[in-house]
Amino acid sequence: TERGWYDTGSDYCGYLQSVKIRIGRLKAVTPEDVIRGFCEGVEHTSEEKEYANTLFQEAIKIGMEINQTYHTPEELLKLMGKLTGKAVDKSFRLFPPFYTDFGKNIIFGKDVFINSGCHFQDQGGIEIGDGVLIGHNVVLATINHDLLPQNNRKNHYAPIKIGNHVWIGSNATVLSGVTIGEWAVVAAGAVVTKDVPPYTVVGGVPAKIIKKVEETENESFSN
């Protein structure tokens, strides 16, 4: 007798389960799926790993397009939108070259300026607030590696969050998991390993608080 759609026999249920598994494998993997896989304690599926590698290569390709020829500000906006996978506000400004190995986990606020030679390693997430100024050759690194030999340098990801109106001087490095509060200043050449409170100036290796920012002050730390 031919089985009906109502039949719940074990053979038929097994068939439906196998179909469900195959459909699941064919389901399109999204950048959001890849980003979730960078969270601590989460492992990428084989499909997500494959798509992540595709996105890495796409970021390299778009980066080469940005860096190897002149583009108008309007063209750069479109390219950065393609790189990040989201709209970039028209107030955004960039002086190339610019480097990133993923791109899809960067969020830009309004009126952001990025000077030439910056490197954003964004798998762990980079969030940049409004009015942020980022100087030459700044490195934002959201990946750390395990110290224990038995863990074979396993990647650990943590976001970098930069508050509104932060100014990061040339050749500074900000490490994974760091939050920089609004109106803070990171002096040129600093290596930031810990959170920076709002309205403070930090500098040195590792960066330490140098002073508090007062609204009436006007002192240069190099951009």
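## Salt bridges

The structure holds 2 salt bridges, a salt bridge being a side-chain nitrogen of Lys or Arg within 4 Å of a carboxyl oxygen of Asp or Glu. This is a predicted model, in which local features need pLDDT of at least 70 and side-chain atom pairs count only at pLDDT 80 or more, while totals for chains, interfaces and linings use all residues. Residues are numbered from 1 along each chain as its sequence is written, and side-chain values use heavy atoms, with hydrogens and water left out.

D33 pairs with R36, with the closest N and O atoms 2.3 Å apart. Both residues lie in helix α2 (residues 31-36), 3 residues apart, about one turn of the helix. Helices (H or I, at least four residues) and strands (E, at least two) are DSSP runs, numbered from the N terminus. D33 is buried at 15% relative accessibility, and R36 is partly exposed at 47%. Buried means under 20% relative accessible area, exposed over 50%, and partly exposed in between (1.4 Å probe, protein chains only).

K104 and E58 form a salt bridge at 2.6 Å, N to O. This pair links distant parts of the chain, 46 residues apart: K104 is in the loop between β2 (98-100) and β3 (106-108), and E58 is in helix α3 (residues 46-67).

## Aromatic pairs

There are 6 aromatic pairs. Rings of Phe, Tyr and Trp (its six-membered ring) pair if their centres lie within 6.5 Å; planes under 30 degrees apart count as stacked, over 60 as edge-to-face and the rest as tilted. F38 and F102 are edge-to-face, because their centres are 5.5 Å apart and their planes at 90°. F38, F56, F102 and Y157 form one aromatic cluster.
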